[in-house]
Amino acid sequence: MKVIELHQSATASNDRDAEELRKELKEKGIFLINLMSAAGSGKTTFLSSTIQRMPKEYTIGVLEADIASDVDALHIESLGAKAIQVHTDGMCHMDAGMTRTGLFAMELEGVDIAFLENIGNLICPAEYDTGAVKKVMILSVPEGDDKPLKYPLMFEKSDVLIISKIDALPYFNFDMGKCIERVRFLNPNIQIFPLSAKTGEGMEAWIEWLKNETENWKK
Ligand SMILES: Nc1nc2c(ncn2[C@@H]2O[C@H](COP(=O)(O)OP(=O)(O)OP(=O)(O)O)[C@@H](O)[C@H]2O)c(=O)[nH]1
Ligand SMILES: [Mg+2]
């Protein structure tokens, strides 16, 4: 497994770097998604289920960002997708320069969809444009329906909210209606997909969204 050690980019403007990276990805026809959530919300499990359900004509690459270890990247690679592991030198987020370095260290030839599995953290990753085309966040049922109230920025900035682990709803006091109401108050345009990566319930609607958005980006 290729593991790359990254340090915070020393450039003046992260937003400019992000715009440049997006432009370059558009030219190459690569749809980059910044996947964010708290630690353990189910990012890797969700990506695994996505890789297994997407039609084989889509080549998927995953940039795994963690403070340490390569377990997530090894798992993704075992499913037949391209994967690369980056370590962030203790930092709690990825910026556009780090994302570029990680992406171009992966063999990008033929990749249609690239996911950045960001560091598990509901706060810092929301503050940085990584150059991704879309921002997708996960909130899992065990975390609670009050998280939009406590960590509003990520909910405001995301294009898509995955409410994951819905198979666990019987065991937690998670009010789905209240959660969705709180999220829509912050971000009326956000797309919301409640699903379980474990049972597969709800995955189909997400897969349809991903296929449509990828095709739109490639036009
Ligand atoms: N019941 C249930 N458990 C899930 C689901 N998705 C993930 N999990 C479990 O949640 C735990 C964390 O899942 P991961 O996919 O490793 O979460 P992650 O967000 O990638 O974690 P980090 O990379 O460490 O931030 C694991 O024990 C998974 O099996 C789900 O849909 N239902
Ligand atoms: Mg993970």
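Strand β1 (residues 3–5) and strand β4 (residues 82–87) run parallel and are joined by 3 bridges; two strands count as paired if DSSP finds at least two bridges between them. Helices (H or I, at least four residues) and strands (E, at least two) are DSSP runs numbered from the N terminus. Within this pair, Glu5 stands opposite His87 in β4. This is a predicted model, in which local features need pLDDT of at least 70 and side-chain atom pairs count only at pLDDT 80 or more, whereas totals for chains, interfaces and linings use all residues. Residues are numbered from 1 along each chain as its sequence is written.

Strand β4 also runs parallel to strand β3 (residues 60–66), to which 6 bridges join it, and here Glu64 faces Gln85 in β4 as its opposite residue. Together with helix α3 (residues 71–78), β3 and β4 make a right-handed β-α-β unit, where right-handed means that, with the strands pointing away from the viewer, the path from the first strand over the helix to the second runs clockwise.

The chain as a whole has 8 helices and 8 strands. Its radius of gyration, taken over C-alpha atoms, is 16 Å, close to the 17 Å that the globule rule gives for 219 residues, so the chain is as compact as a globular protein of that length; the rule is 2.2 Å times the number of residues to the power 0.38. Of the 219 residues, 40% count as buried, that is, with 20 or more other C-beta atoms within 10 Å of their own, the C-beta atoms being placed from the backbone.

Note on methods: Chains lettered and ligands numbered in written order. Buried ≥ 20, exposed ≤ 12 C-beta atoms within 10 Å, placed from the backbone.
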